[in-house]
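I opened the notebook to go through the charged pairs and the fold of this model. The entries follow the order in which I looked.

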Amino acid sequence: MTEDIVERVRSFEADHVPEGWPAIRMREVSALADEIDRLRILLADAADDIETWGAYASEYFHQKHDLAGCVARYREASKK
């Protein structure tokens, strides 16, 4: 589904200028919104996974790879 909606919407770029016609169909907008929601959930899950896996990592690894920063960035991105 993801590639299908992205490819369909990207194909509009070839035939349309910004703010041009014909307009995009509402079902396409709804499908994009659904995909954004799905990806936000995945980002939140990724943040949880990094935090959980990080519990097994050394302090050196935490600092070198900024695990807390990664978790914070993923959580913030999942809320936008």
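I took a salt bridge as a side-chain nitrogen of Lys or Arg within 4 Å of a carboxyl oxygen of Asp or Glu. I worked on a predicted model, in which local features need pLDDT of at least 70 and side-chain atom pairs count only at pLDDT 80 or more, while totals for chains, interfaces and linings use all residues. Residues are numbered from 1 along each chain as its sequence is written, and side-chain values use heavy atoms, with hydrogens and water left out.

Entry, fold. I found 4 helices and 0 strands (DSSP runs numbered from the N terminus: H or I of at least four residues for helices, E of at least two for strands).

Entry, salt bridges. I looked up the total, and the structure holds 4. Asp48, Glu51 and Arg75 form a linked network of them.

Entry, Arg38 and Glu35. Their side chains meet in a salt bridge at 2.7 Å, N to O. The two are about one helical turn apart, because 3 residues separate them in helix H2.

Entry, burial. I used under 20% relative accessible area for buried, over 50% for exposed and partly exposed in between (1.4 Å probe, protein chains only). Glu35 is buried at 9%, whereas Arg38 is partly exposed at 38%. Glu28, also in helix H2 (residues 26-54), is buried at 4%.
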